[in-house]
Structure formats: structure tokens, C-alpha cells
Amino acid sequence: MSSLEQMYQQVILDHARSPHGRGLVEAADGAAHGQSHQVNPTCGDEVTLRVEIGGAAGAEAGGPAEPTVGRVSWEGQGCSISQASLSVLTDLVTGRPVTEAEHLGEVFRELMSSRGKGLDDAAEDELGDATAFTGVSQYPARIKCALLGWAALRDSLVTSGALDGTTTDQTGAARAAHATTEENR
Amino acid sequence: MPVGAARAVDLPALGVDFAAFSAHKMLGPTGVGALYGRRELLEALPPVTTGGSMIELVTMAGSTYMAPPQRFEAGTPAVAQVVGFGAAARYLHELGMEAVGAHEHELAAELLRVGEIPGVRVVGPRDPRERIAVVSFVVDGVHAHDVGQVLDDAGIAVRVGHHCAQPLHRRFGVAATARASASVYTTREDVDAFREVLAGVRAFFSVDR
């Protein structure tokens, strides 16, 4: 497989053609939610992502109530990598506890700094379809495309109040490729 | 206005007051350029920065400055870049700007033929006489960055994005374009190879509409 084919895996092309979660949906009345607008200034890709916070995933299982990621919706324009990444993350985090979604984001940022080598089997199992972006991590100029949606997700979770933005660590690669938020443009 | 392609201009004949240009737009190194100015205008201007090699006489009460161009060349000069810039200028002079212009004109016409590929649209004038050898285009259904990636994989470098012209892209209703440019070292065969790879881009992304 050429490195081009490694980058544009079929699963990425499929998601880019029929993305999941596209089309911003208003949050339900009274539902906690967060929103983020992210831009890659070098290429003009942008996304507005909205996330609704569900409740009580833990409570259903008899444990303490824990906020979950409810409906994820977004509107954006960009290359197939950025659009496919948004689609894949929508599938991956919807319905998960917020802490798990944040953890997946960190694993994905790790994958993006793997320079094409990928992660161990356990991490790849966690990431599912998102593992298809391993090839993208060989192209420093394109890593930011794959990270755009994840930056928007993280920022949305922080603005919703469900995630504390001050304590969670980010990997160096994510910081380097981190898209600007509207506030600091 | 910065221009990215070389053609001969007679600045005094055009009555130009000032012209600034960058070496890297004319086969030279980065980080160096030149300012052309009419002598009487340069002589009327104060220094931009002060430093070594630009003063005449310094007292506690005041200073006088060297005549232009030294007045504007304070401090340690970028010696290597300036020497490289000179070599680039001599090289272009030996090629002859008429020949350079003719070559670029021919390649501009070849580059514009990307508009014949189904799904490829050229942005801007389609008449080669109104162009230099820099052609921006969009591929319907494929984002410019994806177009650039496929070309890159075939060893063809284009620039993708908004090319420091976001309002213009908004004017044309496109988020980003890919831009191919040709220079003195670009051949017709290069452009043929470029068009051939470009023609396969939509198939690679399974866009046939």
C-alpha cells in the first residue's frame, strides 16, 4: 500500500463522503450543552461543533451519576481528513461518559504524534475506526486536519462545564497542532 | 504589490517612485530583498533604523547620516543573502528576461489547459495573455488539500489554501484553491505530468458527479 493509500483509508473516504453528525442541532430545552468554533488558520478549515451533555451513565449502572456525551452535531468545511475525523469522533464519543471521551481524545492525540507507527493493540481497540488515521500521522502538515474536530469536542465539553479544562494534560503534538479558538484569534 | 513571477519592467521609464522586491521571488535566497527609489525621494527620507555603517558624524548634540543607500543599511548586513541575491540576478540576466517571459507565457497557456479536465475549474481569467504562469483552480467535490496531497504523492508540488487572499476566495465562493506555478526550470513535460495526475484526482476520491 502506498503512503497515499495508507493515509486515505477506505473508511476515511467513506466517512468523508457521508459524514455522521453533520448539521448543527439545537440542544434540547434546558439541556446542558457546549459549543466551539475552531479554525485552522493555515488552510481555512473550520468547524462549529455542539455537544449536548446527558446525565447519569453511572447511575443507571448503580454507581454515582456521571455526565455523558449526548448528541454531537457539527457544521464545517474542510478537507476529507478533517471531515472524516469529525464523523468518526461523533460515532466514537456519543453516549460515552465525558471522562471517557476526553480519554479517547488523548489517545487519538497520541496516535497523531506516532509518526505513522500507530499505537499498541489495546489503544487501537479503544479508537476503533479512528485508528484509520494512523497514516495521517506520517504527514505533519495534515495532523492538524485530523485534530480539528477533537479540539472542537474538547473545547465544547469545557464550555459545557462537564469537563475541567484546567487539569487535563494535552500531549505536545496536540499543543503544537492545536487550532485557535475564536477567542484567541 | 508583491508579484511572484518575473517579467522585465523599466522602473524609471514607468516613473515609479518606489519599488520593493524580494529575492526569493526571483530565484534568490529568503530573508533579503531590495528597495528601489528615486534618488531625490530617498535623499528626503530619514533613516528607518540607526546603527553601524549609516552615520557620518555623531556628537552629543546630534548626528548626520550617510547618503542613500547607506543611510538605510544600518548594522551588520546580511552578507551571504545579498551575495546570493546578486548571483540570482546575474543568472536571470544571462537567461534574458525576454526569454524568461516567453517561457512563462508558454507555460501559462499549458497550465490553463487544466480547465479542460472534467470537474476542474480555473479561477480568474482564462486568456493566457492576461496571465502569468500561476494558475489557481478548484476540483469539484475534492478539497484543495486533498488535491495537493495526491499531486504531492506523485512528486508535484502545488500550493493549497487561500494563498494570503481570503477575501478573494470568499468573492469566488470557494474555501480554498490549489495553485500551480511554473518557473524558468519548469518544462512542458512537467506540466503534462501535472495534468495527467490531476485528471485522476476525482477518481481517487470516487467523485464522478
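Mentor: Before we look at bridges, one convention: two strands count as paired if DSSP finds at least two bridges between them. Also keep in mind that this is a predicted model.

Trainee: Got it. What is the bridge partner of B:Gly161 in E8(B)?

Mentor: B:Gly161 is bridged to B:Thr177 of E8(B). The two strands involved, E7(B) and E8 (residues 177-181) of chain B, run antiparallel and share three bridges.

Trainee: And what is the strand order in that open sheet of chain B?

Mentor: Four strands make up the open sheet, in the order E5-E6-E8-E7 of chain B, and the pairing is antiparallel. At the edges sit strand E5 (120-123) and strand E7 (159-161) of chain B, each with pairing on one side only.

Trainee: By how many degrees are neighbouring strands turned against each other?

Mentor: On average 30 degrees, ignoring direction.

Trainee: Which strands does helix H4 of chain B touch when it packs on the sheet?

Mentor: Helix H4 (residues 97-112) of chain B touches E5, strand E6 (134-139) and E8 of chain B. Its direction makes about 5 degrees with that of E6(B).

Trainee: Switching to chain A: at roughly what angle do the axes of H4 and H7 cross?

Mentor: Helix H4 (residues 80-93) and helix H7 (residues 140-160) of chain A cross at roughly 40 degrees, with their axes coming within 8 Å. That angle is why H4(A) counts as oblique to H7(A).

Trainee: Is that crossing right-handed or left-handed?

Mentor: H4(A) and H7(A) make a right-handed crossing. Residues in the contact include A:Leu86 and A:Leu89 from H4(A), and A:Trp150 and A:Leu153 from H7(A).

Trainee: How many residues of that contact between H4(A) and H7(A) are nonpolar, polar and charged?

Mentor: Ten are nonpolar, three are polar and one is charged.

Trainee: Back to chain B. How do the axes of H5 and H7 cross, and at roughly how many degrees?

Mentor: Helix H5 (residues 144-153) and helix H7 (residues 188-199) of chain B cross at roughly 125 degrees, and their axes come within 10 Å. H5(B) is therefore oblique to H7(B). The crossing of H5(B) with H7(B) is right-handed.

Trainee: Which residues make the contact there?

Mentor: From H5(B) you have B:Val147, B:Val150 and B:Leu151, and from H7(B) you have B:Phe194, B:Val197 and B:Leu198.

Trainee: What classes do the residues of the contact of H5(B) with H7(B) divide into?

Mentor: Six are nonpolar, with no polar and no charged residues.

Definitions and conventions. Residues are numbered from 1 along each chain as its sequence is written. Chains are lettered from A and ligands numbered from 1 in the order in which they are written. This is a predicted model: local features need pLDDT of at least 70, side-chain atom pairs count only at pLDDT 80 or more; totals for chains, interfaces and linings use all residues. Side-chain values use heavy atoms; hydrogens and water are left out. Axes are lines fitted to C-alpha atoms, for helices over the stretch in contact, and angles run from 0 to 180 degrees between N-to-C directions. Contact means heavy atoms within 4.5 Å. Angles under 35 degrees count as roughly parallel, over 145 as roughly antiparallel, 65 to 115 as roughly perpendicular and the rest as oblique. A crossing is left-handed if the near helix is turned anticlockwise from the far one by less than a right angle, and right-handed if clockwise. Ala, Val, Leu, Ile, Met, Phe, Trp, Tyr, Cys and Pro count as nonpolar, Asp, Glu, Lys and Arg as charged, and the others, Gly among them, as polar.
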